[in-house]
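Reader: I have the model open and would like to go through it with you piece by piece. Could you take my questions as they come?

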Amino acid sequence: MFKRVMPNGEIQKLIITEETAKIRPYAVAAVLRNIKFTKDRYDSFIELQEKLHQNICRKRALVAIGTHDLDTLSGPFTYTAKKPSDIKFKPLSKTKEYTACELMNIYKTDNHLKHYLHIIENKPLYPVIYDSNGVVLSMPPVINGNHSKITVNTRNIFIECTGTDFTKAKIVLDIIVTTFSEYCENQFTVEAAEVVFPNGKLHTFPELAYRKEMVRADLINKKVGIRETPENLAKLLTRMCLKSEVIGDGNQIEIEIPPTRADIIHACDIIEDAAIAYGYNNIQMTLPKTYTIANQFPLNKLTELLRHDMAAAGFTEALTFALCSQEDIADKLGLDISATKAVLISNPKTAEFQVARTTLLPGLLKTIAANRKMPLPLKLFEISDIVIKDSSRDVGARNYRHLCAVYYNKNPGFEIIHGLLDRIMQLLDVPPGEKKGGYVIKASEGPAFFPGRCAEIFARGQSIGKLGVLHPDVITKFELTMPCSCVEINIEPFL
């Protein structure tokens, strides 16, 4: 059992001032008395702090730990925040004093500490802890003072944890004191320290709170998929440092959660521990009661079949980004952005990724622009999703699976794109002609196409897309120099 004891003399106090509120408002503290370090124990102590800093403290952003040789200091301690130019002390492993501003510049090149500077760098005040003589213990979360550094010969350790997350600070303190109280003269005892909050409230730390939880044995058996007696389950949990006993009707297990197990939040964490102690490999494998075999999504199956035949027709597949700039889908194609019904990204990282694409054509034209050195003709295709705003959907948008192909050569090659459309329709079993279920093309206009060189495709009684020769303006805007024809259709109606 871990115990918190009161000191023989005066209790160590840590006073938090209100200046800390805006930068790192919380602090907790404790004392380890008469500890015996060896080289290995000391290294382990430092390593534990480093591990905690990386994981639960989230690279010191949530909590920063400071451990000090108490015999070199005199309480009470004050945790406050000051202007960087007003903080001056000798940091760990340095031989002279520096101001906080100078330290920030020095540590910019320090491989270990440079990762923590950003936490306080741009704040008007920096957090700092003093003892009653004005000695600096630490400037969290960056560096401790050299005056109170601990060594293998240190006997009494003052531990302070400052942070932006009070719960995590208490957990981190509990972990350190429970792990190393084993090496104190009175094993497993931790001397209390008092923290005075800015509102005047007194708190004594570490809390070392034990709590009891109840879990039914049949629930553990059911969730893990085993058949163990409640007595055996209690033994398994006790092996996992969760002292357990069977109570009540013989099916209830009472579990004591020690302060070392901050990871136990819910009954499912206890059940997981039981499974670990039982051994995952010892759980009998069974076939699930419901037996299902996965099927390919019909739209993906159609896409896959079309891909092979497009390649067989001599076209090369391109895979382009689903996000693009507003210019690509609007200005460059002679459209207004509001007419495209495009889904905009509220916080785009780059100008290239501002909207979800509403057509596959810009992606293919940009691919051609990046491959102008390749021998002509360039024949590319892509079958992918486009995204369009749709107020009838719960997410406000919907995807359509489009097929787009382009032909880029010294001559426009409209007949090649038209031939490709006929081949696609042949594969989809859609006959030419107006009759039910057939397809036709009708003369049309579009801002992206050359006047009189554009046609709309109708299949099964609905418009599915367009084909034609691209307008010279579109070609120059995509930094191309040769004529280009394209076809883009929606393949969903053919499922």
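Reader: How many disulfides does the structure hold?

Author: In this predicted model, the structure holds zero disulfides.

Reader: What about cysteine 184, and where is the nearest cysteine sulfur?

Author: Cysteine 184 is in no disulfide, and the nearest cysteine sulfur, which belongs to cysteine 161, is 16 Å away.

Reader: Let's start from the E10 end. How do E8 and E9 pair, parallel or antiparallel?

Author: Strand E8 (residues 126–130) and strand E9 (residues 136–139) are antiparallel and pair over two bridges, with tyrosine 130 standing opposite valine 136 of E9. The hairpin that they form has five residues between the strands, and within that hairpin glycine 134 takes a positive phi near 85 degrees.

Reader: Then what joins E9 to E10?

Author: That is a hairpin too, running through three residues. E9 and E10 pair over two bridges in the antiparallel sense, and methionine 139 has isoleucine 143 of E10 as its bridge partner.

Reader: I keep looking at phenylalanine 197. Where is it found, and is it buried or exposed?

Author: Phenylalanine 197 is found in the loop between E13 and E14, and at 12% relative accessibility it counts as buried. Leaving aside neighbours within four places in sequence, phenylalanine 197 is in contact with Ile16, Tyr26, Ala27, Phe166, His203 and Phe205. Phenylalanine 197 also lies 9.3 Å from proline 25, C-alpha to C-alpha, although the two are 172 residues apart in sequence.

Reader: Now the helices. Which residues of H4 are buried?

Author: In helix H4, residues 217–224, the buried residues are Ala217, Ile220, Asn221 and Val224. Seen down the axis of H4, these buried residues fall within an arc of 95 degrees, so they line one face of the helix. Lys222 and Lys223, on the other side of H4, are exposed.

Reader: What covers the buried residues of H4?

Author: The cover includes strand E15 (211–216), helix H5 (230–239), strand E17 (252–257) and helix H6 (267–278). Just after H4 comes glycine 225, which takes a positive phi of about 85 degrees.

Reader: What does threonine 178 touch?

Author: Threonine 178, whose place is in helix H3 (residues 166–180), is buried, with a relative accessible area of 5%. Not counting residues up to four places away in sequence, threonine 178 touches Phe2, Leu208, Pro259 and Thr260.

Reader: Last topic, the rings. How many aromatic pairs are there?

Author: The count comes to 10 aromatic pairs. In one of them, phenylalanine 321 and phenylalanine 353 have ring centres 5.1 Å apart and planes at 70 degrees, so the pair is edge-to-face. Phenylalanine 321 lies in the loop between strands E18 and E19, and phenylalanine 353 in the loop between helix H8 and strand E20, so the pair ties together parts that are 32 residues apart in sequence.

Reader: Which residues form the aromatic cluster, and which charged end sits over the ring of phenylalanine 458?

Author: Phe37, Tyr42, Phe45, Phe180 and Tyr183 form one aromatic cluster. Over the ring of phenylalanine 458 sits the charged end of lysine 442, 5.0 Å from the ring's centre. Elsewhere, arginine 60 lies over the face of tyrosine 116, at 3.9 Å from the ring centre.

How values were computed. Residues numbered from 1 in each chain as written. Predicted model: local features only at pLDDT ≥ 70, side-chain atom pairs only at ≥ 80, totals over all residues. Heavy atoms only, no water. Buried < 20%, exposed > 50% of the residue type's maximum accessible area, 1.4 Å probe, protein only. Helix = DSSP H or I, 4+ residues; strand = E, 2+ residues; numbered from the N terminus. Arc of directions from axis to C-beta. Contact = heavy atoms within 4.5 Å. Phe/Tyr/Trp six-rings, centres within 6.5 Å; stacked < 30°, edge-to-face > 60°. Lys NZ or Arg CZ within 6 Å of the ring centre and 35° of its normal. Disulfide = S-S within 2.5 Å. Pairing = 2+ DSSP bridges.
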